[in-house]
Each structure stands twice: as C-alpha cells, then as structure tokens.
Amino acid sequence: MRVSKRASGAIAVGAAFALIASGCSTNDDGGETAAKSSDGSIVVDGTEPENPLVPSNTTETGGGKIIDWLFTGLVEYPNNGGAPQNALAESIETADSKVYKIKIKQNTKFHDGTVVKAKNFVDAWNWGAYSPNGAQNSSFFADIAGFADVNTTDPDEDGPKKAPEPKSKTMSGLKVVDDWNFEVTLAAPTAVFPTKLGYSTFMPLPDAFFAGKAEDFGKKPIGNGPVKFVSWENNVAIKLTRFDEYSLRDKMKIKDVNVKIYQDDTAAYSDLVSNNLDFMQQVPVSSLAGDNWKNDLGDRAISSTTPVTGIIAFPIYDARFKNADLRKAISLSINRQEISDKIFFGNRKPADSWANPLTPGAKPGNCTACKYDPEQAKQLLAKAGGFKGQLKLYYNADASHKEWMEAVAQQIKTTLGIDAVATGVPTFAVFRQNINAHKMDGMYRAGWQQDYPDVENWVNPLYVTGGSSNDGLYSNPEVDALAKQASGAPSLEASHALFEQAVAKIDADVPTVPVYFGGQQSGHSEKIKKMELTNVGELDITSVEL
C-alpha cells in the first residue's frame with residue numbers, strides 16, 4: 001500500500017521489478033482540461049479502515065490507501081515499477097550500509113502549517129517502535145540499533161504474563177543532527193534499508209501527534225502529503241481536499257477526493273457503470289465472465305499487473321492447525337489452475353511461489369505445496385491423523401471473495417472429505433479486527449500487497465516470529481535466524497540468497513496457502529480524462545485530470 005509517483009532522480013538501492021503500468025488519456029485540449037480539473041472533485045471506492053489513521057499502526061489496504069495520499073515520505077516508488085526515488089529526502093548517503101545520513105528538503109509543511117523537520121521522523125519512528133504504544137508495524141524498525149531496548153514481547157501472547165517494560169523509550173540508532181539532517185545507525189549492514197523508507201510506517205508525524213492521544217489524532221490525521229483530511233463518517237465516507245501549500249513534486253490537479261465506503265462491491269460497480277463513481281480499483285469477480293466488465297465500461301476499463309498474491313492463512317495458534325502435514329495436505333488439494341480458469345476467467349494466475357515474481361529477489365516455482373496433487377494430499381492428511389469437525393474458511397463479504405473462497409472450500413471437501421465451508425464476515429474492518437485479536441477458529445483470506453520492492457517484504461512481515469502481519473503466529477527459529485542474516489546482509493545479492501534459504505524452510509512448513517497472483521481490472525468514469533495507477537494498482541490521485 002505504497003505511494004507511487006512519476007518523479008525522477010533515482011537513488012541506487014536495488015533493482016526495479018517488471019510491471020504493466022496503466023493509464024488513460026482521452027483529451028488533448030489542455031487549457032479546458034486544466035480549468036475543469038482545478039476545482040473538480042472525484043469519488044472513489046474504499047473500505048472502512050480497521051484503525052484510526054496512524055501510519056505505523058495501519059497494516060491493511062483500506063486505511064493504507066488513505067495514508068498514502070495524506071503523507072509523503074523520504075522516498076517513493078514510481079508508477080512504472082522502477083527503483084525507489086527521493087521524495088522528501090534531499091539525499092540518503094551511506095559508506096557501509098550501516099550508518100545512513102539523511103538530509104530532508106527544507107521548509108516543507110504539515111497540513112497544520114508546521115514545518116517538517118528531521119525530529120518529526122525520529123520522533124515518529126521511536127513512537128512506532130516503542131512496544132507499549134502497540135503499533136502493529138513496530139517490527140519494521142527492527143533494523144535500527146537499539147530496537148530491542150524499546151520493543152519487548154509478551155512471553156505468552158494474551159496469557160497472564162505481560163511483556164517486560166522496555167529499557168528505553170528511544171532507539172540508540174537514531175540521532176537528530178539539526179532541523180534538516182538525521183542519522184540512522186543500524187544493528188548490522190542492511191542494503192535494503194533505503195528501499196523500505198517509502199513504506200507508510202516510516203512517515204513523519206507532526207508535533208501535534210505527540211501532544212495528544214494517538215487514537216484521537218488518527219480520527220483527524222494531520223499529514224504532509226498532496227491532500228489533507230476533511231472528515232470521516234464511519235462506514236460512509238472519508239473526505240480529502242487539496243493541500244495548496246504542498247511544495248514537492250506532483251501537486252494535485254483536482255481539488256477534492258471523496259472516498260465512498262461500500263458494503264458491497266456490486267453496488268460500487270453499478271455506480272461505476274452509471275458514472276456515479278469515478279474510480280474502482282477492482283471490479284467484481286462476477287463481471288469478469290465473458291469480459292462483461294470490458295463491454296460495460298468500454299474505454300473506461302483498465303487492466304494491469306500488480307505485485308499482489310491471494311493467500312489463505314492458517315491460525316496456527318489453534319491446536320487443530322499445528323501439524324505441517326495437515327497444512328500441506330490442504331494446500332495440495334487446491335486446484336489453482338481451475339480456480340484461475342473458472343472463477344477468474346484467466347485474469348489471475350495460479351500462485352507457484354511464496355513471493356510474488358514481480359519482486360526483486362523472488363524465485364518463481366519455489367512453493368512445492370502449491371501444486372495440485374490429490375493423492376499426496378490424501379496421504380498427508382492420513383499421516384496427520386485427519387481433521388475433525390468443520391473447517392471454516394473466512395473472508396470479508398464486502399468484496400468479491402465469495403466465489404473463489406467457495407471454490408477452494410469445495411475442492412478441499414471433494415479431495416479430502418473434510419467438511420469445508422466458506423464463511424463471510426460482513427465488513428473488512430470487522431474481519432481484520434478478528435484476525436488481529438487472534439480469534440479466528442478457521443482458515444482465512446489474507447492476501448498480500450507489496451509494500452516495497454524487495455523479497456524481504458514477503459518474508460519478514462509475514463513469516464518471522466513477531467512480524468507485523470504474521471497474524472497466524474507462525475514461528476520457526478531457523479526461519480528467524482536466516483531472515484535475520486538476510487536482513488543484515490551488506491549487499492542485495494547476499495540478502496536475496498539468504499532469503500531464498502529462509503523461503504525453503506517456510507515451504508516445508510506451509511504456514512499459509514498462496515492461491516493466485518494478482519491481475520487487476522479497474523475502471524473509471526467518463527469524467528476522468530487522464531489518470532495513472534501506482535505500482536500497486538492504487539489510483540495516483542496526483543495524476544487525475546478531468
């Protein structure tokens with residue numbers, strides 16, 4: 001869920017990944033278009049954010065999309081999938097991949113008129129890392145020296161024991177030099193670190209954030225991006241408007257962006273077709289049959305390829321799912337090609353690897369449990385002692401997941417004889433709240449959208465003990481050790497080689513079930529004359545012209 005721009009001035013932090021960037025342009029009368037755009041507004045579809053909008057406590061795409069628009073970080077990711085580029089950073093320099101000297105551009109502003117300074121980054125990162133604050137993304141700061149002193153873990157999860165009090169409230173590896181410069185010292189050389197700095201958890205926070213409660217701030221967030229917050233009516237809409245004092249690249253060409261929160265994507269699609277919705281990121285699965293969506297939208301239809309993987313996760317904290325043979329049996333019972341053909345009509349591809357192949361460092365075909373092998377599946381189920389009771393497969397019902405989740409459940413039932421049933425949860429916000437509270441009593445949909453272009457993003461958050469999105473509480477000390485070595489490698493090549501070894505261990509354990517690689521089908525209204533998608537398929541609101 002990353003901000004993605006079209007800026008120049010790349011920093012040397014690793015390879016780019018291949019991506020089909022999409023856009024549209026149907027009007028050449030620039031003067032008239034500019035006039036219409038400058039005071040114009042658009043309505044885009046969205047989902048209710050899980051939490052108040054605090055960057056380091058937002059891990060899902062509903063809230064993440066809003067944060068991407070409200071904030072600008074040190075670096076950004078081009079729409080065409082190229083290498084990260086400086087945004088608010090004037091420069092990021094290192095001689096050893098361990099000590100990074102960061103200089104920010106002077107006199108840019110937050111939406112409350114205060115100036116963005118180096119301390120706003122340092123204070124925000126320290127707040128996010130400090131475990132008593134409960135930020136879901138705290139593990140992303142683990143590279144920084146002194147993280148262990150500010151972040152402690154609950155020894156028995158939600159049991160009677162509590163996490164010990166951290167030794168410090170600030171990380172030793174962060175130092176403010178002056179208003180425009182700060183220094184980051186990592187625990188070990190980490191070549192991928194600059195690549196990560198466009199992820200939303202690394203955004204700056206204004207002084208106002210630290211003067212009150214984080215929850216209150218998140219309900220009326222103050223960012224530093226091209227749009228500022230106006231209002232949030234729960235489960236109805238979030239309204240944003242142009243920040244006229246924004247001084248970085250890619251200023252808004254339109255004035256207002258209204259995010260309409262739908263409980264049903266078919267209702268959103270109906271509005272899109274009738275031009276009452278200006279952008280929909282993913283049309284319903286039901287519209288893909290016979291390319292109906294293309295017939296409905298005509299030249300308003302957009303196809304793109306994005307670094308997204310559809311996944312079903314196991315709640316490994318539930319004793320019924322602790323056996324790796326059972327987990328592999330379930331994965332092997334799924335015919336991914338059939339789902340791609342019959343449910344997605346070829347618009348999404350069967351997953352065969354743990355990291356999306358569009359990602360630098362990812363290896364195709366390394367998910368041995370992703371093949372369809374009914375006989376081996378039955379043997380492994382028998383070896384595991386079978387599965388008793390009903391197997392629920394949960395999904396959020398406010399988007400198009402019913403069809404493919406029901407297909408997966410039926411395949412498991414047919415192949416293994418398990419009473420598998422797909423079960424919808426009304427809204428994405430409630431669905432995510434249950435997952436984060438570790439209250440899932442069955443498998444659940446858990447797709448992953450790349451935060452930044454490196455295979456590290458497909459391992460550390462998802463499969464390392466305590467990872468920010470390791471919601472099933474999977475833990476393997478060998479994976480942890482290899483991932484730690486990979487994260488601290490001095491070069492991207494060495495890092496990727498070690499992550500490959502970690503992925504082999506993950507593959508043996510099958511902590512989740514990769515199902516498909518994302519292909520995205522979006523649409524826009526006739527009102528929009530020009531637009532681009534970001535590298536992860538979101539609308540680049542700064543590109544929109546009416």
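I sorted the lining of the second largest pocket by class and got 5 nonpolar, 10 polar and 1 charged residues. The classes put Ala, Val, Leu, Ile, Met, Phe, Trp, Tyr, Cys and Pro under nonpolar, Asp, Glu, Lys and Arg under charged, and the others, Gly among them, under polar. This is a predicted model: local features need pLDDT of at least 70, side-chain atom pairs count only at pLDDT 80 or more, and totals for chains, interfaces and linings use all residues. Residues are numbered from 1 along each chain as its sequence is written, and side-chain values use heavy atoms, with hydrogens and water left out.

I then looked up which of the 16 lining residues lie nearest the centre of the second largest pocket. They are T305, N347, K349, G518 and G519. The volume of this pocket is about 220 Å³. For the search, a pocket is an open set of points on a 1 Å grid over the protein atoms alone, where a 1.4 Å probe fits, with protein on both sides within 12 Å along at least five of seven lines; lining residues have an atom within 4 Å of a point. Grid points are joined across faces, edges and corners, and the volume is the space filled by probe spheres set on the points. Strand 13 and strand 19 each give the lining at least two residues. Strands here are DSSP runs of E, at least two residues, and helices are runs of H or I, at least four, both numbered from the N terminus.

**Strand 19.** How many residues of strand 19 are buried? I found 13 of 13 across residues 512-524, so the strand is largely enclosed by the rest of the structure. Buried means under 20% relative accessible area, exposed over 50%, and partly exposed in between (1.4 Å probe, protein chains only).

Next I listed partners, counting two strands as paired if DSSP finds at least two bridges between them. Strand 13 (residues 301-313) runs antiparallel to strand 19 over 10 bridges. T305 is bridged to G519 there, and A313 to T512. Strand 12 (residues 279-280) is antiparallel to strand 19 with 2 bridges, and F279 partners H524. Strand 14 (residues 349-350) also pairs antiparallel with strand 19, over 2 bridges. Its P350 has Y516 as bridge partner.

I stopped at Q521, which lies in strand 19. Q521 is buried, at 2% relative accessible area. Its side chain reaches the backbone oxygen of G519 at 3.1 Å. A polar contact is a pair of N or O atoms within 3.5 Å; within protein, one must be able to donate a hydrogen and the other to accept it, and residues adjacent in sequence count only if both atoms are side-chain atoms.

**Strand 13, other partners.** Strand 13 pairs antiparallel with strand 18 (residues 448-449) over 2 bridges, where V308 stands opposite Q449. Strand 17 (residues 443-445) is joined to strand 13 by 2 bridges, also antiparallel. A313 is bridged to Y444 in strand 17.

**Strand 6.** Strand 8 (residues 181-185) is joined to strand 6 by 5 antiparallel bridges. V99 has T185 as its bridge partner.

**Disulfide.** I searched the whole structure and found 1 disulfide, meaning a pair of cysteine sulfur atoms within 2.5 Å. It joins C367 and C370, with sulfur atoms 2.2 Å apart. The torsion about the S-S bond is about 80°, so the disulfide is right-handed. Both cysteines are buried.

**Helix 10 and G389.** N323 caps the N-terminal end of helix 10, with a side-chain oxygen 2.7 Å from the backbone nitrogen of D325. The buried residues of helix 10 (residues 324-332) are L326, R327, A329, I330, S331 and L332.

Last, is G389 buried or exposed? G389 is exposed, at 53% relative accessible area. I placed G389 in the loop between helix 12 (374-383) and strand 15 (390-396). G389 and D419 are 30 residues apart in sequence and 7.0 Å apart in space, C-alpha to C-alpha.
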